[in-house]
Amino acid sequence: MTIMILRQKTLNEPSSESPFASTAFLGILAVLILAAAGGIFMKPFTFATIYTHDTIIVFDAIHRMLRGQIPSEDFRSSLGVLTWAIPGAVARWRGQYAGSIETSSVLVLFPMLLASVLLLRQRAGMAASAIFMLSLGAMVVVPLTPGDPGFFVSPAMHYNRWGWAAIALLGLLAIDGGRGRAWAWVEAIVATLLVVFLFYLKITYFIFGILYLAMMLFLGAQRRKVAIVSAALSAALILATGLGTGILLPYIADLRESMASSGVSRNVLKSGLANINDIALFATVAIYVRIILPDVGWALSLPFIVMLGSGLLIIDQNFHLYYIFSMITLFVLADGLLRQNGISSGLTAIPALMMFVFVSSYGLAQTVATAIYEHEAAIPFRPVISGFPGLRIGETQGNIFETPPTGTLFDQATAMRLPGIVQPPLRQGEYAYIVEDGTNLLRRNGVNAPILVFDFLDSFSAQLDLPRNPHGYAWLHPHRNISDETAPPAEEFFSEVQFVMWPLVPREMISRDFLEEKYGDFLHKNFTVVARSDFWILMKRQQALSDNLGGLRR
């Protein structure tokens, strides 16, 4: 049976005042949000108190593209090309790595705010619309994973925040904008662009985007039309762009490798229990709407199940515990349901009020992160990792505004070299010191050839602008994007590699140990130790460097 999500507005008394946010209001708000985001975050530096290594992964992918490599074609990545290409274009434009992710987020926010203006009109009142757009803007541009404490500042994993925002926007289409069949085509085009964006960003988000379109098949004839048209246009656009650029088949191959490698299990129930207060908050709103609108209030049921479930699955898959981002859309749906059925303004205030309660605690963390970011922009800075000017690294322990010391070793270094010792988490300053130690080792030995780092990531090639191995990975996470079954043969993995950096204190012990177990025999047979530092062993290929080095794209 078809579920009719919303009927046309039927007021008992005629009124000239619309219960919905006007286009002018939404447009002005969008301009203000974008201006604030640009003024705060489009700066030539990157600041991180956490996930420094994930930030460097982005810089490394940018360097590969500056060297002429294409994601999935020339280096393996289970993340879509837009994850790397947008920051890469910004880095090329600005001439540096630092600030590329933050500036990219501001640029991505522009079309998302435009989509918000188009979709919120005739769907929500001023209060709910404003909270939604402010939450969306903060989610996209503030370098903080929503749900983390405010001092966990990092632009890393930007693709998650971008994807969450796109999915939240798609969810708005679960209610009819009430503007006729012609407008349905506009909505279908907006939905198509969001779905294609998700496909080239992160495949799991694309799958949930398709799930949202499938949900719309059961929400009335108008929603069904939007879903079908959008699905058809999305398929056509993905095929045209993917086959036209040649990226589609390599991207699918990387996705297959990642799916075959993944052996990580999570506990969705744990995530649900961690967010039980937020779930109860919206459940209260849903019951309230059901009481006020006994005939159609039940129409929130399907979106509630799909959006809540997808939000929980996504944050669980991302190893995040808090903030079910899709709930901001659910509150807007509740607000729109009341307004489109002629409920008086006093009674429609409840969803927006509960929405404010939901986002306020998370918004506080985003405000703190923004304040820290602005503070960092105003203080003198000495680079911690010399090859990345503008990368500022702070600490989540002690004084978070203080640049970490880089002149001392930490006591666990020797113990970490011994087999069977569990490595404690590295602080950001410790990790930065280890990276700088390796960078100096490569400089002292005049290395200017492709290297392979036996660790989670390559922290050096981008710093030193080294030639790139054409068979590398964006990062190496055993049982997530590489495994015994999917790892390439040693001859391919080391194809143009001339030097290997072997970490005594790796960023991820599991990565070094996996590579040692898988490729150790080949490494020790074909490479010899030429230099050491406190934290790295530099090994060089015994035979002459391959003549194929000249064929690398630059």
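A crossing of two helices is called left-handed if the near helix is turned anticlockwise from the far one by less than a right angle, and right-handed if clockwise. By that rule, helix 12 and helix 14 make a left-handed crossing.

A word on the model: it is predicted, so local features need pLDDT of at least 70 and side-chain atom pairs count only at pLDDT 80 or more, while totals for chains, interfaces and linings use all residues. Residues are numbered from 1 along each chain as its sequence is written, and side-chain values use heavy atoms, with hydrogens and water left out.

The chain holds 20 helices and 8 strands, taken as DSSP runs numbered from the N terminus (helices H or I, at least four residues; strands E, at least two). Of its 554 residues, 59% are buried, meaning under 20% relative accessible area with a 1.4 Å probe, protein chains only.

Here is the helix pair to look at.

| Helix | Residues | Contact residues |
|---|---|---|
| Helix 12 | 276-292 | D278, I279, L281, F282, V285, Y288, V289, I292 |
| Helix 14 | 327-340 | M327, L330, F331, A334, L337, L338 |

Contact here means heavy atoms within 4.5 Å. The contact residues of helix 12 and helix 14 divide into 13 nonpolar, no polar and 1 charged; Ala, Val, Leu, Ile, Met, Phe, Trp, Tyr, Cys and Pro count as nonpolar, Asp, Glu, Lys and Arg as charged, and the others, Gly among them, as polar.

The axes of the two helices come within 10 Å and cross at roughly 15 degrees. Helix 12 and helix 14 are therefore roughly parallel, the term for angles under 35 degrees.

Elsewhere, helix 6 (residues 158-171) is mostly covered, with 14 of its 14 residues buried.

Definitions and conventions
Axes fitted to C-alpha atoms, helices over the stretch in contact; angles between N-to-C directions. Parallel < 35°, antiparallel > 145°, perpendicular 65-115°, else oblique. Expected span 1.5 Å × (residues − 1). Buried < 20%, exposed > 50% of the residue type's maximum accessible area, 1.4 Å probe, protein only.
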